[in-house]
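Me: Could you walk me through this one? I will jump between topics as we go.

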Amino acid sequence: MSQKGQAGRRGDRVRSDCWISVEPRDSGGVSIELKSRVEAMYGAAIRETIESGLAALGVEHAAVEVADAGALPFVLMARLEAAVKRARPETEAELLPEMAAWSTYGTLRDRFRRSRLYLPGDQAKLMINAGLHGPDGVILDLEDSVATTEKDAARFVVRNALRQVDFQGAERMVRINQIPAGLDDLPYVVPHNPHVILIPKCETPEHVTAVDERVKAILAEQGIDTPIYLMPIVESALGCWRAYEIASASDSVVALTIGLEDYTADIGTQRTNEGRESFWARSQVVNAARAAGVQPIDTVFSDVTDMDGLTASVLEAKSLGFDGKGCIHPRQIEVIHRGFTPTEAEIEKAKRIVLAFDEAEKKGLGVVSLGSKMIDPPVVKRALRTVDLAVRSGVLSGNWQEGGGEDA
Amino acid sequence: MPKAELARNAAGRMVPTEINGREAVPYKGVAAHRPTGTRAAPAIPTVMDYPDCGNKTVENIKAALEAAGIRDGMTISTHHHLRNGDFVANAVFEAAAELGVKDLMWFPSASFPCHASMIDHMKNGVVHHIEGSMNGPLGAFCSSGGMRGMGVLRSHGGRYQAVQDGEVHIDIAVIAAPTADPFGNAHGLDGPAACGLLGFALADSQYADKVIVVTDTLIEFPCVPWQIQGNYVDYVTTMDAIGDASKIVSGTTQITKSPDRLRIAEMTAQFVREAGIMEQGFSFQAGAGGTALSFAIFLMEMMREAGVTARFVRGGSTQYLTRMLEEGLTDYILDGQTFDLDGVRSMRENPTHVNTSPFTSYNYHGKGNFASMLDCVVLGATEVDVNFNANVVTHSDGQLLHGIGGWQNCLFSKCTILPIPSFRDRIPVLVDEVTTLCGPGELIDVIVTERGIAINPRREDLLSAVSGSGLPIRPIEEIKAEVETIVGGPPAKPAFGDRVVAAIKWVDGTVIDSVRQLG
């Protein structure tokens, strides 16, 4: 008994992807009908990928059709695995591309998360060069950007991208589906060095702990001791109301963010550019995150052509207390980074506080003071962060304390 | 067809020593070939053969071709200023077919997909072969060995050179004219098929035995400015429409939305600034391709910020270049072709938006040319190898797909920059050795890819100029190796047959490479 499994995309407008059909049969070995734009250069390599892939997935006899538009090997493998598993859902073997050396770097709990670039989980083309645009983080999305019929296929693309794509030092994030369904995404991503899992439509602390426990169980099973961090997204009235509980539900949470499309619908209004309707929710998220000691991150700005609007939105987010913002197009990254870069006045003030702090440390004083004014610890902490951000943004020399600061 | 004798040229490429019955000189190196003798010239005309009233009109193209004495084996030229909207070249060969003429050589300044009907003319014997760019379907036809003669691809400057030194003798030139008068004066500034300028037809008007002007907008004498001078013209005729305006110039030129291309364009502009090229009174040339256009826009922004203006920029002009001109960011546009309606308007209205030709800009037999005076030029390529050699006519699958255009001629600028993706889909653009050599690496200075900028090691001056700039300067081999890791190894070489189907000329008329039949 055989059932045909198909996966991927085809058509004139498809690039860097492929469509594969696998029809397992009882005998006759593997036959491959290949149409490829890169046939002259990679026809043999594609056949080899398909043949060895089928063997790894335990398919000995099958009629295979491939329509290829220049898919990279990891994409071919993802499409092949999806096609085979649609034909034979009982298949347990995985078809894993090699874990590239450039996919093994780690992250830090308190790294900067100014920009995070959303990448639809079923579109490998957009992932390949995403890291080159320098976002602080990339989000391989399994949730809203993936059609419900492609959820299974997107898991393989995301998993293989985690193993093969060089994200150039960006924090590697994955947005799973809404809990509880999203818990079933975790086995496909957790073993492959994601740094942060985004939990969408998070409404209760139990959503967080459920993900945290499943992640930790998989890590233990795999013998991995690198922690994976969590970033809940609150997108409803209830989620916002319980924001502090959510942000403090687990030590794994490093940041809290907000999704406004669903939120505004939930409270019975519409999203506007001015954003008056979401002012409370955004401030609530900032307050909850700060109270829990995690980073508050703002939502995305969705008009990719309006750079002035984006700049205004970033400055507003910064003034509300957010540390970062989501983006959906690489051109938004630089605008966001510029917006979160401290101003000259902010840097000057922070430098004075940091110097006063160092002075107090040196003298063993318990209290930091600037002139006649006493400086409280949170202010010192913020100043340290401002200086750090200024250095990383390239507007302040790293050795400013040794006289490098004057030309900043 | 007899198998061509091949020789190894100075670039190490095997090239034919005879092309379509004429001896061919293998490429000797950059600035190594010095032809002697005198320029070619058509027979001397006399005014007594032309009507004193100045009216040279004939009924239609067929009548004009007959009057011009068309016969088997002649060379007929047309031009590409109407781009993919051209109706004239097809009409000429349609008329030739009706007249029962055979074995013509088509000598276009470039071909477009709209000329696919030439394949039928080649199959039924009207056209013997093409010497000119072979794009899209024509390229595929030539690569598959369908053409009887050998294709010859020349740069815009190389075409002028071949006409001037007699390598190609044009029997009949047919010039599509958006506006013309009965005497044969013509320009491209007005009329439904307005395209700006007619520079690609200049050599043909002066050197062909017979010159026919075809227009759909015949006005009373005088038609000024006479971009084509009626004194060179034998016959004038009309057709209802010489082209499809929507395919000649675009209403508005679109800049690329691709984040990778925008990144490459921005890095290119940053390089030009950081290398000290963007200085008061500088000059540059950039085409109308998505990346080149975006480069110009980024550079314009940087020029505004720095308060720097250019003395001249060379087009293909677009609304963006005209904005530069009208904003005072450049004193002049020296334009080779206009790509959008705003470019045409500006050329009509602005005396500092000047039309040029391959003679002024690219010609090897000129006493100098504009291209070598440019401070920098931004060009494309299908492949670049680790020695900075580049290909523009074939892809890695070996199929002819593009013409050379002014590309080879522009390599002589003071800084030649190729902003290109390091791979397209799965196909590496950076390779060990280019499939077809069109431009020698010694003339190509900088490759800007999304993964970093490679500077030709010969250009130590550029390397030191940008050191400390923060730009991602990387060895070309390193970027290539990274790409090969991503795409799963280097590409397999195409399976070529023995037969040479096309020769690639260098700017001096020597043969720099050949293209072989596929399969």
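**Starting from one residue**

Reply: B:M147 sits in the loop between α4 (136-143) and β8 (151-153) of chain B, where helices (H or I, at least four residues) and strands (E, at least two) are DSSP runs numbered from the N terminus. This is a predicted model, in which local features need pLDDT of at least 70 and side-chain atom pairs count only at pLDDT 80 or more, while totals for chains, interfaces and linings use all residues. Residues are numbered from 1 along each chain as its sequence is written, and chains are lettered from A and ligands numbered from 1 in the order in which they are written.

Me: Is B:M147 buried or exposed?

Reply: B:M147 is buried, because 24 other C-beta atoms lie within 10 Å; the cut-offs are 20 or more other C-beta atoms within 10 Å for buried, 12 or fewer for exposed and partly exposed in between, with C-beta atoms placed from the backbone.

Me: And what does B:M147 touch?

Reply: Leaving aside residues up to four places away in sequence, B:M147 touches B:M122, B:H129, B:I130, B:F141, B:C142 and B:V501, a contact meaning that the C-beta atoms, placed from the backbone, lie within 7 Å. For B:I130, 17 residues apart from B:M147 along the chain, the C-alpha separation is 8.2 Å.

Me: Switching to helices, how do α9 and α10 of chain B cross?

Reply: The axes of α9 (residues 290-306) and α10 (residues 319-326) of chain B come within 10 Å and cross at roughly 25°, with axes fitted to C-alpha atoms over the stretch in contact and angles running from 0 to 180 degrees between N-to-C directions. That makes α9(B) roughly parallel to α10(B), since angles under 35 degrees count as roughly parallel, over 145 as roughly antiparallel, 65 to 115 as roughly perpendicular and the rest as oblique.

Me: Which residues meet there?

Reply: From α9(B), B:L293, B:A296, B:I297 and B:M300 meet B:Y320, B:L321 and B:M324 of α10(B). By class, this contact has 7 nonpolar, no polar and no charged residues, counting Ala, Val, Leu, Ile, Met, Phe, Trp, Tyr, Cys and Pro as nonpolar, Asp, Glu, Lys and Arg as charged, and the others, Gly among them, as polar.

Me: How many residues does each chain put into the contact between chain A and chain B?

Reply: Chain B gives 19 residues and chain A gives 20 residues. On the side of chain B that touches chain A, α8 (259-274) and α15 (476-487) each supply at least two residues, and α8(B) gives the most, with 4 residues.

Me: What about chain A's secondary structure?

Reply: Chain A comes to 14 helices and 14 strands.

Definitions and conventions
Contact = placed C-beta atoms within 7 Å.
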